[in-house]
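Begin with the packing, then turn to the fold and the backbone.

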Amino acid sequence: MAQQMKPFPKNFLWGSASAAYQIEGAYREGGKGLSVWDQFVRIPGKTFKGTNGDVAVDHYHRYREDVDLMAKAGLKAYRFSIAWTRIFPNGNGEVNQEGLKFYDDLINDLIAHQIEPVVTIYHWDLPQALQDEYQGWESRRIIADFVNYAKTLFDNYGDRVKYWVTLNEQNVFMQHGYSMASHPPAVTDPKRMYAANHIANLANASAIKYFHEHGYQGQIGPSFAYSPIYAVDAAPENQLAADNAEQLNSYYWMDMYVFGHYPTIVRNWQEKQGIAPEITVEDQALLENPLSHPDFMGLNYYQTGTVAKNDTGVGAAAENTSGKKGTIKESGVPGMFKNVKNDYLQKTDWDWNIDPVGLQIALRRINSRYNLPVLITENGLGAFDTLEADHEIHDDYRIHFLREHVKAIHAAIDDGLQVIGYTTWSFTDLLSWLNGYQKRYGFVYVDRDEKSAKDLARYPKDSFYWYKQVIASNGEDLGAK
């Protein structure tokens, strides 16, 4: 029967997002130190056409222009990350006042435009000095340095920032960095990966515990890249493979964030493989302390996965970074699952499944297992956009993608789930870590490519005006069907 759906909450955070390395540029300005990405992009063959973030889209010099555009779009929130190396050029030691001031000015400008700042503390740009000094995430020394860095941000911006994201996509930067060698430090060693990941869990828990113990205002939690898993069919062995994938790819991280322990099945599998991380009594006490647990789950949602049993030993494979649809290779974990094609879903040019209903499923599964509110910290479509002669960009495909995902969020809210906000990826076009500047996500086109920064001019796309109308109507007016 037709019925009136619950409306979006009046204080719903309609917003958009970015990450420091992908937008700021000015990589040697303002007292900034070098991050692992500043070095990694200089390794031949690691990024599309050797692209880097030296200039990126020059947000460092153009942030006022970008914030003005956010205000014109009517954004209620803007999620951005702070570059650790702008605050502590060497990861620890003396604070860089010029770096502190940059983010202070950005936050003040956002608030002046009535835009809620949502701050990501760590979005992959580890100080190179810490990698050189003690191998970064592989040393427990990073826990104290990370908490000191987080404390510095809380103390300087905590009077104005109400939402904090501790680690962005820990599952991604660990697996790409230590299993697939496609992110720094470019290692392929699962034992090292799980050991470093455990230390990152301790750092995350320690920062959240410090935040709660010291009475800072607002809420804090990690942001997790969650791709709900389907079984390819109803065959029990494929259903079991789907559960394996969900446990190994998702619950392994989220269970630790919320409950303070790893799933039994994954821990047992690791021990059989000889790759289980060491957990001390002190670790367990920290991780199980309620003060170490998040106030919300940050959700980066792009796609779902579909799996089948893996009897053939299919292992990890590189992702599609070319934008040539259909070039993704078969991948999986031997004995656990393998990823297979879902004939019910269309794909992007980068072979990512397009599945709006999967977002509703993700929100339901997080609610059912963790009973936490969710802040959707990323969701968007990477695509090839065309700048017309009149400087217009007609991205109906992006509007359709986002519209269907907003519908899924609305359905989840109507289910009774608590969703804090929706910060799309991304506001302006930006550097895609491995895909250069050809893979565009933004509401605002930035005129540059892999060969040249050009003039970096900003041009709102059709999706910019569509999102403005969605925000103004608080999700009631989604435009033409």
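A nonpolar core is a set of buried Ala, Val, Leu, Ile, Met, Phe, Trp, Tyr and Cys residues joined through side-chain atoms within 4.5 Å. Buried means under 20% relative accessible area, exposed over 50%, partly exposed in between, with a 1.4 Å probe and protein chains only. This is a predicted model: local features need pLDDT of at least 70, side-chain atom pairs count only at pLDDT 80 or more, and totals for chains, interfaces and linings use all residues. Residues are numbered from 1 along each chain as its sequence is written, and side-chain values use heavy atoms, leaving out hydrogens and water.

Start inside. The largest nonpolar core holds 143 residues. Within this core, Tyr103, Trp137, Phe146, Tyr157, Trp164 and Leu299 touch the most other members. Helix H9 (residues 190–213) gives the core its largest share, 12 residues. Another core, of eight residues, lies apart from it; Leu13, Tyr163, Val165 and Phe296 are among its members.

Look at Tyr103. Leaving aside residues up to four places away in sequence, Tyr103 touches Tyr157, Phe80 and Arg86, among others. A contact here means heavy atoms within 4.5 Å.

Now the whole chain. The chain has 15 helices and 16 strands. These are DSSP runs, numbered from the N terminus: helices are H or I of at least four residues, strands are E of at least two. The radius of gyration is 21 Å, close to the 23 Å that the globule rule gives for 481 residues, so the chain is as compact as a globular protein of that length. That radius is taken over C-alpha atoms, and the rule is 2.2 Å times the number of residues to the power 0.38. Of the 481 residues, 60% are buried. Among contacts between residues at least 6 apart in sequence, 75% join residues at least 24 apart.

The peptide bond from Pro184 to Pro185 is cis, with omega near 10°. Pro185 sits in the loop between helix H8 (170–178) and H9. That loop between H8 and H9 also holds Ala181. Ala181 is not a glycine, yet its phi is positive, about 60°. Ala181 is buried, at 13% relative accessible area.

Ser426 belongs to the loop between strand S14 (419–425) and strand S15 (444–446).

Finally, find Asp58 in the loop between helix H2 (36–40) and helix H3 (59–73). Its phi is positive, near 60°. Asp58 is buried, with a relative accessible area of 12%.
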